[in-house]
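Have the viewer open as you read.

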Amino acid sequence: MHELSLANGMLKTVINAAQNQNAKKIKSIKLEMGEILLVNPEQLIFCFDVISKGTIAEGAKIEITFLKPRIRCNSCDKEFNISSEKDFPLLSIVCKCGSKDVKIMTGREFNIKSIKIEES
Ligand SMILES: [Zn+2]
């Protein structure tokens, strides 16, 4: 399950960061997620809640900012945004010039932007 491995990596990262600052508890976590990462945010939060039980990240609030996908056309060099819902599946993305030779620049990010901690 994709969400579980992401949640696992996230938990390790935030606990490391928090311990470096002598935190006794992680209060909240800010995430940035690309809209075409194909991750279900509710499932991610659910997984995180489950695996963070008994750690300093237990009960941390997770805030997610979604990033719009950005596409670049290899034929005419133009960049454009897609609205993820409408343009799925990705294989069907066509540039205004008619080319299907496009590259996904952004939209698959998964970044932990910041965490809020309670210092000990
Ligand atoms: Zn084009």
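For a compact globule of 120 residues the radius of gyration would be near 14 Å, whereas this protein has 18 Å. Bear in mind that the model is predicted. Along the principal axes, the C-alpha atoms fill a box of roughly 60 × 25 × 15 Å. Buried residues account for 18% of the 120 residues.

The chain folds into three helices and six strands, which follow the order α-β-α-β-β-β-α-β-β from the N terminus. Of the contacts between residues at least 6 apart in sequence, 80% link residues at least 24 apart.

The largest nonpolar core has 15 residues, and V14, A18, I26, I29 and I115 touch the most other members.

| Element | Residues |
|---|---|
| Helix 1 | 2-20 |
| Strand 1 | 23-34 |
| Helix 2 | 41-51 |
| Strand 6 | 110-119 |

Which residues does I29 touch, leaving aside those up to four places away in sequence? They are V14, A60, I62, I112 and I115.

Three strands make an open sheet with mixed pairing, in the order 2-1-6. Strand 2 (61-67) and strand 6 are the edge strands, each pairing on one side only. On average, neighbouring strands of this sheet are turned by 20° against each other, direction ignored. Strand 1 and strand 2 run parallel and are joined by seven bridges; M33 has F66 in strand 2 as its bridge partner. Helix 1 packs on the sheet, where it touches strand 1 and strand 6, and its direction makes about 45° with that of strand 6.

Note on methods:
Residues are numbered from 1 along each chain as its sequence is written. This is a predicted model: local features need pLDDT of at least 70, side-chain atom pairs count only at pLDDT 80 or more; totals for chains, interfaces and linings use all residues. Helices (H or I, at least four residues) and strands (E, at least two) are DSSP runs, numbered from the N terminus. The radius of gyration is taken over C-alpha atoms; the globule rule is 2.2 Å times the number of residues to the power 0.38. A residue is buried if 20 or more other C-beta atoms lie within 10 Å of its own, exposed if 12 or fewer, and partly exposed in between; C-beta atoms are placed from the backbone. Two residues are in contact if their C-beta atoms, placed from the backbone, lie within 7 Å. A nonpolar core is a set of buried Ala, Val, Leu, Ile, Met, Phe, Trp, Tyr and Cys residues joined through C-beta atoms within 7 Å. Two strands pair if DSSP finds at least two bridges between them. Axes are lines fitted to C-alpha atoms, for helices over the stretch in contact, and angles run from 0 to 180 degrees between N-to-C directions.
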